[in-house]
Structure formats: structure tokens, C-alpha cells
Amino acid sequence: MVEKHLLKWMGAVFAAILFISIWATFAMLFNSFIFPGPLEVFESLITLIFTGEIFPHILATLNRAIIGFLLGLILGSTLGYLTGMNKYIDAVLKPIIELLRPIPPIAWIPLAILWFGIGDASAFFIIFLASFFPVFTSVYFGVTSLPIVCERVSKNYSLTFSQKFVHIVFPFSVPYLINGCKTAIGWAWMCVIAAEIIASSQGLGYFIEINRFSLNTSSVISAMLIIGVIGLILQKVIQVIETKLTSWRSVSHGE
Amino acid sequence: MVNELCLNLSGVSFSYPCAQKGETKRSLLSNINLKVSCGEIISVCGKNGSGKSTLLNLVAGFSVPTSGKIVHLESRGDIFAAMVFQELGLLEWKNAYENVALGLLSKKVTDKEKEEIVLKNLVLLGVLDDKDKLPKELSGGLKQRVAIARALAANPKVLLLDEPFSALDWNVKEKLIKDLRKILKSRNISAIFVTHNPDDALLFSDKVFALTNGELVMVSSNTINDKTSAFVESEAFAKERLKVMRSII
């Protein structure tokens, strides 16, 4: 176990050193306005953190991503459960959702600007769309994968709709819901940056865009690194929730 | 002792619906007549695909017969027939106690009564010590016992058993079958047990039926209540086994 952890850490340290070395080598080949080196970016990152300049942008982006994600999670899971559990709702809603699902969330940006203007509402709308479809699809797939024997147990013991949902359908579908959330938070995080680049006046996407205009490439890359780290933290948070909610899946088998 | 009638199947037939237009229906059960008295235990033997599980599904209400009638003549609780499934159907996210308590969800009982019923059935099936374990942590035999405890906790009039012992080795199976028979007799619960194993059928039940070509025929009936090891080793048992085997080939 200790060896496994040690190997993992050593692998990570080695990967970081390799990445920085390749980056530094390439940076030497270009002008620092186009491709700044790791040291310049690190300096810029420290300045951004210690002056506090980046924090309002981080908070604005997190705020949009989390609210948009939660809206997508609530509506996506609710409709996913209703559609999966009721054949009439399934017949009506599924074709509409299947038609809209392949449209990339970013393709909605022009319409979002037209409908909501430049600002939070457009970003919320795009992030909501980015989160809604993965959550809906995963939950729907989870509910419709419920084994027939679980359906029959519910029928055999005359469970009501709510009892069936609470005791059977929801616990069974939690791993699917979490998978949907993992994909959704990834998409939400990617789309919030894209939405902010195009239609916002604050946030990490906006910060990248204004620094691109002023050829401050070090700040652009610093913001990109911050985006990567926060995205990783969000995924880890969902993993922790997953471990808590699905602990029953990892117990050891009986004889 | 003459017991009142509890379940009556008259002229029950079942055909699979056509998968494609123009395709003829596949008839699985035809004109099944079966009377089960209260507390009577019957077995239905048959080959794979003979319609044994379909018969149980019809009694449980999971499927509707194509023709004929299924009459439940006495219902003392909310649930007439509780089924022990071949796959058991234990919920992996609930421990043994919670799985058994699931059988009581639709009943109007207080929390204290519920706890008493669940614990009583766990004790009866000998799984009280494992009440906090998840199904994954239980052995095959213990899982079967939890599934049976759940069905009995619902206090059904009829227990339906869909080959629940098929994955067990003989020693575990023999003990479980004998324990369950004792419990059913003491609580006057009827049972329909479907199996492809004549030994299990003879050991567990009062009457053995064979299901072949969609028809149900009684092939063995015995009045021995206490099915001891001596009975299993007796010549009579061997004769009955041969009879059952011949009827299902």
C-alpha cells in the first residue's frame, strides 16, 4: 500500500519535472510574448495571487459554474427520474431531449446573448445546458437499467411510487447520477470559461481575454493553470461525495 | 387435518405475445388447474423453459394469464403472495435488517412492531448475527435465508419460491429446506416451490407436480410431515424420485 502511494507520488513529481522541462525548452525557441517560460508564468502567478487581482475573477467564475451546474443537476436529475420511471413522460420528453442533446452548449452562446445580453444570465444559461444533458442522460440510463428483479420486489411488496423511489430507484441510480455529475462539472467548467470569453465582464474567461489583448501572455497562462487546478479540485470534490454515497459498492465479498 | 382452500387456479393458460406481426403466439402454459390449501406446500418440477417461473409470475401478479382465472381465497394481510426470487433480489445498498424490513414498508405497523417482526424473522432463519451485514458480505446460504426472512416478514398467505436453493451445496440446502418447511407448517403458510431438482421437491413439499408441454400433472403425494434423513435415504424416497424424474423428462 505504502509502495503504491510512493510510486504514485514519484510518478507525479517525475511528470511535473518532464512537463516543465519540455515547456522551458520550447519557451527558449519563441518570443516571451508568444510563449513565456515557466519562471515568467510562475512570477506572474505569484503576483496575481499576492495582489489579490485574480480572486474576484475566480469567485465570479466559480459562482457562475456552481449555480449553473446546480440548476442543471436539479432539472436534469428530476426530468431524468421522471422520464425513466414513467413511460408517458418518456414518450413525450425523450424525443425532444434527444434532439437538443447533440447541440454543443457553446453553439447556444449567440442565442444566449440575444436573449439575456452580456452578463451572468447568459453564462448561467450556457452552463445550465452543459450540465443538464449529462446529468439527464446518466440518470435516465441508471433508472432504465434497474434490474427487473428490483422492479418485481417493489411490486411484490406493494411499494408506493415514493417508497420505490426512496428505497430502490434512487440508491440504485446514485452511481449513475455521480457519473453524470462528473461529466457535467467538467463541461460546466469548460463552458463557463468559453461563455466568459465571449459574453462577460468578469471572470477567468474575461481575464484571459483582456490579457490576450494586452499581450500579457504570462497572465493568460497563469489563469489557464488556475482553471486547470480548480477543475481538478471540483472533480475531487465529486469523487469524495461518490465515496460517501456509494460505500456499499466497495465492501468485500462474503464466502 | 383438512385445511380450507387458499389459492385456486382454474383453466389458466399463458402465451407469449407475438414479437412480430404475423408470428404465432408461443403457448407456454395450457389449461392449468391447481388448488392449494392453507398451509400446504407444493412443488412444481420441470425442465428449463417449461414455464415454472411463468406460473409463479402469474400467481404473484407480475404477468396476466391469457385465459383462465387465479383466485386468492384468503388474504389476511396486504400481501397475498411473497416471492423468493431465483436471483434473490436483495438490495445491495441495504443491510440484512433493512432488506427484511422492506417487506413491511407497505404495512401499517409502528416502528416498534416493525422491529419486532424483523428481528423475529431474522432469528427464525438464523441470521440475527448478520443483521448489519450488506448482501455482498454474506455467503450464498445466508443470502437465501435473508431473502426468505424478507418474504416471511410480509406475513403472506402463500410463499412463492423460484429455485432459490439451486446455487447451494446439498448440506446447506437440506438444512435450509427442513428449517423452512418447519416454519411454514408452524405458521400455516402455503408454498409453491418450483425446481428442476426432484430431491429438493420431495424433501420440501407435500405434493409434487410435473410441468411438461405446458400441462401440470400431480406425480407424487406424501403425508410424511417430518422429513428426516432416514426418509431421504429410504427406498420410498428413491421410488418417488424416479417417478418425478420420469415425468419431467
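Contact here means heavy atoms within 4.5 Å, and helices are DSSP runs of H or I with at least four residues, strands runs of E with at least two, numbered from the N terminus. The model is a predicted one, in which local features need pLDDT of at least 70 and side-chain atom pairs count only at pLDDT 80 or more, while totals for chains, interfaces and linings use all residues. Residues are numbered from 1 along each chain as its sequence is written, chains are lettered from A and ligands numbered from 1 in the order in which they are written, and side-chain values use heavy atoms, with hydrogens and water left out.

I begin with chain A. Its secondary structure consists of 10 helices and 0 strands. The C-alpha trace of chain A spans about 70 × 55 × 30 Å along its principal axes.

I turn to a helix pair in chain B. Helix α4(B), residues 140-153, packs against helix α5(B), residues 170-187, at an angle of about 10 degrees, and their axes lie 11 Å apart. Because angles under 35 degrees count as roughly parallel, α4(B) is roughly parallel to α5(B). From α4(B), B:G141, B:Q144, B:R145, B:I148 and B:L152 meet residues of α5(B) that include B:V172, B:L176, B:D179 and B:R187.

Notes
Axes fitted to C-alpha atoms, helices over the stretch in contact; angles between N-to-C directions. Parallel < 35°, antiparallel > 145°, perpendicular 65-115°, else oblique.
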